[in-house]
Amino acid sequence: MSTAIDIRSVVKRYGTATALHGVSLSIADNEFFTLLGPSGCGKTTLLRCIAGFEDVTEGEIALFGQNIAGLDPNHRPVNTVFQQYALFPHMTVLDNVAFGLKMKGVPLSDRTARAGKMLEMVHLSAFADRLPAQLSGGQQQRVALARALAPEPKVLLLDEPLSALDLKLRQAMRVELKTLQEQTGITFIFVTHDQEEALTMSDRIAVMSQGRVQQIGTARDIYEAPVNRFVADFIGETNLIEVTVDRIEGETARVTLPGGHAITCPAAATTPGKHHLSIRPERLSLATTGDLTATVERVVYLGTDLQLLTRLPTGEEFHIRLQNSARTEIPAPGTTVALHLEEGAARLLAD
Amino acid sequence: MAGITPTPQGNGSGYRGIVGPLLIPTWAVIGIFLVLPVLLMAVYSFLTKEFRGGVVWDFTLAAYDQFFLNRGLFGDEPPVIEWTYITIFSRSIWQAAVATLICLIVGFPTAWFIATRPPQTRAIWLFLVTIPYWVNLLIRTVSLKFLIRENGPLNESLMSIGLITDPLPLVNTNLAVQLGLFYSYLPFMVLPIYAAVERYNFALSEAAADLYASRWVTLREIVLPVVKPGIIAGCILVFVPSLGAFLAPDLLGGAKTFMIGSLIDEQFRGSQGNWPFGAAAAMILMTLVLIVLTIYARAQARGEAK
Ligand SMILES: Nc1ncnc2c1ncn2[C@@H]1O[C@H](COP(=O)(O)OP(=O)(O)OP(=O)(O)O)[C@@H](O)[C@H]1O
Ligand SMILES: [Mg+2]
């Protein structure tokens, strides 16, 4: 598969503030690639560099092998769904959606038909003649999506395109977007800070923090094999406990848990000494004798799950999730339970 | 029950009941300074001229008749259309339109420039634009005349650098009047456009560029339509006073550039004046302006409804 976008050590500075510290990414053609990270980590900035609204301070960006440094935004085969929509206030919804086609010189009847189809896709056909100000936030967001998709760009940049939608619509749009991306073969670079969105839609995810890419990988890689504390903590729920690595034998490390029990887990480029271990709360089960013991403090009923808030003998908080089945015995607060770590539940983190 | 629960309409009328008296000062100001003068002028335009200026309270259409029709020297010939005043009016409209266009061409980039400066420095630029307006219009117009007269600084310096050999005859020309109008009313163009551009969301330009629009197309299809209300406001604010201006035409123009403002001004001076005729000319001018504005408002409303 060919490479759609190649980002090489891109640095972006605004005066003295650095928004991107040497970001390198390679995105394949027809990939659904997600940039995931907390607010202010540089996601929008990276998109703006790709779209051409910002010049990169250092590094370069290549689009299908061609360096696009000097190319103005209107000459880049890239469309953007803006975080703040940026709909043209004086044009109807239909004219907004047809604008890109008009600029590409598509004849009126053609572009009206294609824009109409796009509006159908985002369920806004009934609103074609309205002005953007007469729409709700979620409707405006869908117009922005339709407008960016209409000219069928090679790469579509989506800056939190579903953030203003309610849950039901968001879930429906996720499926539609994913289907659309597969059908059209457009490369999607999708920005979100919603990890569920990232995990369910993406082929690959880049987790960003403070202007740096922390980890790139599939949803599974990132969830199951986080490389550092930031990723482990940011993606899903996790327990980070301090452990001692006793020795390393090839790819495996022997680790002593709080309480003295020893286990083995992948070494993940660590050296003997103090390290953090990530244990997902759902990868544990109650047992008669286990790897860890903990005191139950509270039981939270979540419907499909039960969440146990417990404390380790070291004083650290420890969360456990149990499936809520008829057989589940719910331990009472105050009791001490033994916990069994499932195979591969524990991940040593490099930092 | 219905009497206990206040309906929304009930609330609304109660609210209006409180606001009503508060609006009295506003209505009084509008009445005294806007409606009354116009009514007075309308009434005067139908009165009879008195010999040494002033009016006699005899209602007649004589002023309007004099404006539009020519009945010969002694008023006994069959009426033909009188072109003198219509010509003055057309020329004034033309002059005002050109002045507006020049103000727009210069004012738009100026306003754009100011609105795109960092917020801290915008106030300084705006202040610079308005500085000349701290000086009386009459003095500024006379100064302008001084600057462009035959042996004034402009001609002298142009000759000293050898660009011209003979002084340019600028005073008493259309060009000088245009220059005067431009100089008088430029800020009225700059300020409303500035306000519109300042509110303009530059992400729209990015969105247009993202959708393959060039800079020029973005300006035409996105920027201008969005800031149009500011442009229209600026044009009205320049066109209307230019149409009635008399200082610039009087001081900088010659006989050939005689304009409405001067015509009306003359009617109210000394014993040579003709108050009803001046009032009638003013009424006709106002009607013209109102027609233009109404057409514009209609077009705007239709555009919005679409
Ligand atoms: N024009 C600018 N001038 C100065 N600093 C900027 C500018 N634009 C962005 N930044 C800074 O760069 C950093 C990254 O901003 P960016 O908008 O890319 O964040 P983001 O990841 O998109 O966040 P969010 O999820 O809130 O949209 C922030 O610290 C921000 O303050
Ligand atoms: Mg952002």
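**Ligand sites and local features of chains A and B**

At a relative accessibility of 22%, G116(A) counts as partly exposed, a class lying between buried (under 20% relative accessible area) and exposed (over 50%), with a 1.4 Å probe and protein chains only. The model is a predicted one, in which local features need pLDDT of at least 70 and side-chain atom pairs count only at pLDDT 80 or more, whereas totals for chains, interfaces and linings use all residues. Residues are numbered from 1 along each chain as its sequence is written, chains are lettered from A and ligands numbered from 1 in the order in which they are written, and side-chain values use heavy atoms, with hydrogens and water left out.

G116(A) belongs to helix α3 of chain A, which covers residues 108–121; helices (H or I, at least four residues) and strands (E, at least two) are DSSP runs numbered from the N terminus. When residues up to four places away in sequence are not counted, G116(A) touches L94(A) and S125(A), a contact being heavy atoms within 4.5 Å. Between G116(A) and L101(A), which are 15 residues apart in sequence, the C-alpha to C-alpha distance is 12 Å.

Both L94(A) and L101(A) are among the buried residues of α2(A), a group that also holds V93(A), N96(A), V97(A), A98(A), F99(A) and G100(A). With 8 of its 11 residues buried, α2(A) is mostly covered. The partners against which these buried residues pack come from both chains: α3 and α4 (137–149) of chain A, together with α9 and α10 of chain B. After α2(A) comes G105(A), a residue with a positive phi near 85°.

Chain A as a whole has 351 residues, of which 49% count as buried, and its secondary structure comes to 8 helices and 20 strands. Along the principal axes, the C-alpha atoms of chain A fill a box of roughly 75 × 45 × 40 Å. The accessible surface of the chain comes to about 15,800 Å², with 49% of that area belonging to carbon and sulfur atoms; areas of this kind come from the Shrake-Rupley method with a 1.4 Å probe, and for residues only the protein chains shown count as cover. Of the contacts in chain A between residues at least 6 apart in sequence, 64% join residues at least 24 apart.

From a backbone N or O atom of C41(A), the distance to an oxygen atom of ligand 1 is 3.2 Å. Taken alone, ligand 1 exposes 640 Å², and the protein buries 60% of that.

T45(A), found in helix α1 of chain A, counts as buried at 11% relative accessibility. Its contacts, leaving aside neighbours within four places in sequence, are with K12(A), Y14(A), A19(A) and L20(A). E160(A), in the loop between β7 (155–159) and α5 (167–184) of chain A, is buried at 9% relative accessibility and has a positive phi of about 45° although it is not a glycine.

The magnesium ion, ligand 2, is coordinated at 1.8 to 2.4 Å by OG1 of T44(A) and OE1 of Q83(A); donors are N, O and S atoms within 2.8 Å of the metal (3.2 Å for Na, K and Ca), and sites may look incomplete, as water is not among the atoms. This pair links distant parts of the chain, with T44(A) in helix α1 and Q83(A) in the loop between β6 (78–81) and α2 (93–103), 39 residues apart. T44(A) is partly exposed, with a relative accessible area of 29%, and Q83(A) counts as partly exposed at 29%.

In chain B, Y212(B) lies in the loop between α9 (203–210) and α10 (215–244), where this residue other than glycine has a positive phi near 75° and is buried, with a relative accessible area of 15%. Helix α12 (residues 260–267) of chain B has 7 of its 8 residues buried, so it is largely enclosed by the rest of the structure; the buried residues are I260(B), G261(B), S262(B), L263(B), I264(B), D265(B) and Q267(B).

Technical notes
Polar contact = N/O pair within 3.5 Å; in protein donor to acceptor, adjacent residues only side chain to side chain.
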